[in-house]
Amino acid sequence: MKAVLKSIGRFFLKRFKGIRRFIKRVWAHRQGKIGLTMVTFLVIVAVFAPWIAPFDPYDVAERTTKGLPPSTTHLLGTTINTGQDIFSMLVYGTRVSLIVGVSSGVLIAIVGSVLGVMAGYIGGAVDSFIMRLVDVLLVIPTLPLVIVLTNVLGRDFWIIILIFVAIGWTGLSRTIRSLVLVLKNSNYVKAAELSGASRFHIMIRHILPGTSHLLIMSTALSSAGIMVAEAGLSFLGLGDPTAISWGKMLADAQSGGALLFGAWWWIIAPGIGIFMAVFAFMRIGIVVEEILNPRMKQSSGVYKIFKNLNSSYVEDVFNSMDEHAQIGEASSAKGGAHG
Amino acid sequence: MHKKLFLVGLLAVFFFTLHACSNPGRQRMEDETNTLYVGYQADSFPTSFMPWLSREGIAPTVASMMYNTLFAFDLDTGNFDPLIGKTWYYVDEAGEPLLTDDGEIDYERLDEIYSCPSYDYLPVKVILHDDVTWSDGTPLTVEDVYFSYDTGANNAISNHAGALAWTADLQHSYRDGVLRRQGIFTYDHGAAEQGYVIDEVDRDTVMYLHVDKILGAVSSLFTSMLILPSHIWEPIISEDNPLNSASPQGELLFHYRNPVGSGPWTLDLDASSGQQIVMHRREDFHLKDDDEGPLYKVDTIRFLLFQEINVAIYALLKGHIDVLNSTVSANYSRLFDTHDNIFVSEAPGTFAQTLVFNVNPVESERNPMRDLLSNETVRRAMALAVDQQFLIDMVLNGAGEEMSPGLMPSHMEDFYNPDAWGVIEGDYEARLLEANALLDTVIPDRDTSGYRLLEGDRVGFDILGHPGEQDLISYLEVLFERIGIEIDYAPKGSQPERTYLYRSRFDMTLQTTIFSLQNIDIMYRAHFVTIGETSNYGRLIDADMNAQIARMRSTLDLDEKYELIKSIQPMIAENYYKVPLYSANVLSVARTDRFDNWQVVPGATVFNGESLQNLRRVHEGE
Amino acid sequence: MKKSYAIKRVLYSVFVFVIVMALNFFIPRIGVADPAERYYPPQGNMTDAQYEIIKQLTREQYGFDVSTPQQFLNYVGGLFQGDLGTSFRSGSPGVMELIVDRLPWTLVLSVSTMLLGLIFGIMIGVIAAMKRGRWQDTTLLNASTIMIALPGFFIALLLSFFLGFELEIFPAYTDPNMVSDFGWNMTAILRVIENAALPVLSMMVGSIVGYAQGTRNAVIAVTNEDFILTAKAKGLRNTTIRYKHTLRNAMLPIVTSIGMSISGLIGGQVVIEQIFNWNGMGTLFLEANNMNDYPLMMGIMLLLSGFTILAILITDLIYVLLDPRVTVGDRR
């Protein structure tokens, strides 16, 4: 187990340079620039929330008159039910949404790639077990499943992340598996096998690196999907009740009477937050797709590996991302048409 | 180009037709009849109406409109008002009434005759109205009451926890479907053998009951047990087909869905659905108003389902409904001020919100922090730090009242004991000083932020609560910070009793409690005496208080009972176990453009029996 | 070849369904699911003996008196007779009946969302593909990037606020008479359309854009393929190519994607139904969740999973039947 962790750590460290180079390529895109800028902005907001927000929404003493309209003191007014500063909630909400989104995205990338590589490279019983699991998870409706799991396991912040990961890894691992099936037959893997390298060594050293760009894309896209999902869950009042997230703000706005009082800013503000975060991660994901997609751009080194793939891996990732998005929104059909 | 124009035109027509047709509110506004539109906020409406099985949401309301109990409890007077039953009294061995000259129950003679241990029951005579009928026209007799009580006590054919509990004080018991002891006597069921003489003419209206030897014994029998029609149910239920079926089939399901009751309202099954319930007034209901007119003043009641309270309020503001049968948060008051034709009812509440300490956790759940809570000094300090007026202002926007630490509302004049306030009353600053001084004797160390330290750890507790109670807990956080104690919110989850409360797995929790003469026999015991799976979550043990409560429950002398209730209140207060936070007022709203003369009833929304008896239809042009 | 593939495919679907069924059964049982304790808490003056009797009776009634594996067998046995179990809700009919009551209303929303989304989506997608690079195309691209980032429930909230509460163009909540007064007459049907307008609209916006983007990509991909080039070379008229060849071939991936989207559509509808007071399966599921009504939750999940499996199976088979290029084995 320790060895595995070590190897994975080494793998990511070694990849770090490559990732930096890759980010540069994303930055070269106009869309990528927008995405990266927005993500950086959101990260800054999240990190420096206590300095940016005029009030601490978690501090009861800083509550004021309920239901104030926007003013210079309260940029977005105060909530009708508790008298908290909406702008500050928005700023602090960035933290929860980003942490849930990004950490689930990263975990999904890790779990998805590990299982995908195992399925593809080891094959046999491992492969069919993992793929059957994928098929099963794909047909159970996601939002109801998440609701049942939160009901049974609890609504802690970390439990919710784990639930998202447990359900979200399927699409990615399927994609990676098909990629690995191709890589398995490539000459250098064959060469490594002949030279007597262990299977584990080959998986970590030769196969996993070939999937790294896909992982960046998956992380970006599933982070976006999960942020929508988390918002949807919180909106139903089923998220972590102690954390201020954008979805919970929307839920509070609805249950607190924003619609009746005409406090549209209370609804719009968290909506814009969700939109910005999802949009930004989506941009990055799509730009990575464009970099990798043969039809959009001339073949890169990565593309050459994918060239032999029969099914379009990008579509699959899109589908997997879409499943996350479905958790929060009804319009699941979007992007589904890629299949 | 033409095509595009055509498309736009088509779309416009589409939207126009849509807009031109009805909206959900039009029906009420055009309704000229005497129909009341009632909004009700709930997840769903029931589709089956077996009264004993009506537990959630609107079901109990609907059940109590279609069915009746023998009597209704009057919270103000402590008397039983007639419903199916006309009158009742205790009797002596020969069946003669134990009444004083002015017709009141003679508690002195009751005590005299029955306090001797050779009697283990009290005989009660009940006389029914002779003109009560079921909604299918069949007359209601004592045999229906016999059937209902008898079935409720026999779990082999009713299998109903509620009914078993309601009849628990009736000395009528079954084991394995066999009657072990009879406690209900009618003309047809053994009255004569027991020595009670019932005349032939009274055979349908007179019955005798043997109940436990406590004054509260008749309470749940009379007011909780909805009487079922024996001519409907008796033929179809058996041990194989019990009354309370999880998956009713055939005839049973048919009767679950087509209720026949003795109440003032009948269900209009055709007009009802999962989203609305329509009920019509029964013109042959036996109770009338003073002018021999119908008791209730509307012909039809339509309950409309709203899943979201805001949508329901919207519907009320727009005039889609007459009244909202749900409480409304004080945050909305501002909204109603600007509207004409809206009546806001602010009724005093009957519930007390309390903070419960885990004073005596089970061995495995003990820790040094919780041990602090078993220290009465610490609890007393915390009780002193609770500023009820502050909580009322912040949490309820002022719509609430302070609650005595004896947990008895002050408007219950017969039992309320003002002495229970004790140390809690008075200047808050002084109380805070005293609280800090008390804590300094137990946990004097403080960290840099001013929080007290117990062996290096900050003294802090979690308060278990629903997400809706987070606001209240935040303000408790403010209050307890003043005495150097840190408070956090801990979510209760969906099964708090199983997960936390019965297992002692909590520091503190919030609990709403209600005490009245009607439930005090049961509730005092559940809240303060019985340990285990009851409301005594903190497992308080106080031998003196338990003895008093036992005495209060068993005495047959009403005056003594009242005195004991009074003397128990300071004991409750001084345990500092359930500390009152406030008693929230019940806010509710109604429109006055179709009906007026709404009544405010303590503890109830504006849609209540009083209102229904007094409503007046407003006609246009008046 | 195709026949044996079809048989294999059907058997595989059955296998997946069995696994899903088992998961559905066991996941809720991670938590405490004893209805006796939940629904019959001991009451003030009840003796312990009386309470034991009640607990035992309740367990028997809900089938909890036997061991868990036996419960599972009973559950499976019930399924074969179309019995999804007994709701914990008191005195209510079986889970099946509760679902059947609500299913049509949910389908009204999802089917109309899907149909309208498909019609408008394909129209817009074809236009965008034909006008590749022009403003129609870029607008679609921009719209789709924006719409994909906007959660459906947020759109629903905005629509209910502006079109419902403020402007009152459409009903802000579902008319309770819609269900009880429903009949096959003009008034009732119009009423359904009117009440469904906002929920459908809020779900449709996203799916139109999704389908349009998919259609556009598919059409462009197909345009570049050999047989279209051949058709062009053969001198076929442009419109003929557009409608007969291009669209027909581009439709394939779109049609197959419908299968996948069904479960998401119904599952995601939960939030929308809640916002608009809609009397569907989504709200039923939330009710069940609020009351910890496990049998009902399990029933709904099983039904939705079954739908999805069936839809995927059917679209897969259609795909194999229709597309001459697909060799069996390509698609798992």
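Me: Domain bounds come from an automatic or database domain assignment; which stretches of chain B make up domain 2 and domain 3 in this predicted model?
Reply: In the domain assignment of chain B, domain 1 is written as three stretches, 2-45 + 275-348 + 586-617. The other two domains are each given as one stretch, namely domain 2 as 66-233 and domain 3 as 352-584.

Me: How much area is buried between domain 1 of chain B and domain 2 of chain B?
Reply: The centres of these two domains, taken over C-alpha atoms, are separated by 39 Å, and the contact takes six residues from domain 1 of chain B and eleven residues from domain 2 of chain B. Carbon and sulfur atoms give 54% of the area buried between domain 1 and domain 2 of chain B, and that area is about 630 Å².

Me: Which residues of domain 1 of chain B lose the most area to domain 2 of chain B?
Reply: The residues on the domain 1 side that touch domain 2 of chain B divide into three nonpolar, one polar and two charged. Together, 70% of what that side buries comes from the residues that lose the most area, and these are Arg282(B), His286(B) and Leu287(B).

Me: How many residue pairs are in polar contact between domain 1 of chain B and domain 2 of chain B?
Reply: Across this interface the rule finds zero salt bridges. For polar contacts, with both residues at pLDDT 80 or more, the count is three residue pairs.

Note on methods: Residues are numbered from 1 along each chain as its sequence is written. Chains are lettered from A and ligands numbered from 1 in the order in which they are written. This is a predicted model: local features need pLDDT of at least 70, side-chain atom pairs count only at pLDDT 80 or more; totals for chains, interfaces and linings use all residues. Side-chain values use heavy atoms; hydrogens and water are left out. Domain bounds come from an automatic or database domain assignment. Contact means heavy atoms within 4.5 Å. Buried area is the accessible area (1.4 Å probe) that two parts lose on being put together, summed over both. A salt bridge is a side-chain nitrogen of Lys or Arg within 4 Å of a carboxyl oxygen of Asp or Glu. A polar contact is a pair of N or O atoms within 3.5 Å; within protein, one must be able to donate a hydrogen and the other to accept it, and residues adjacent in sequence count only if both atoms are side-chain atoms. Ala, Val, Leu, Ile, Met, Phe, Trp, Tyr, Cys and Pro count as nonpolar, Asp, Glu, Lys and Arg as charged, and the others, Gly among them, as polar.
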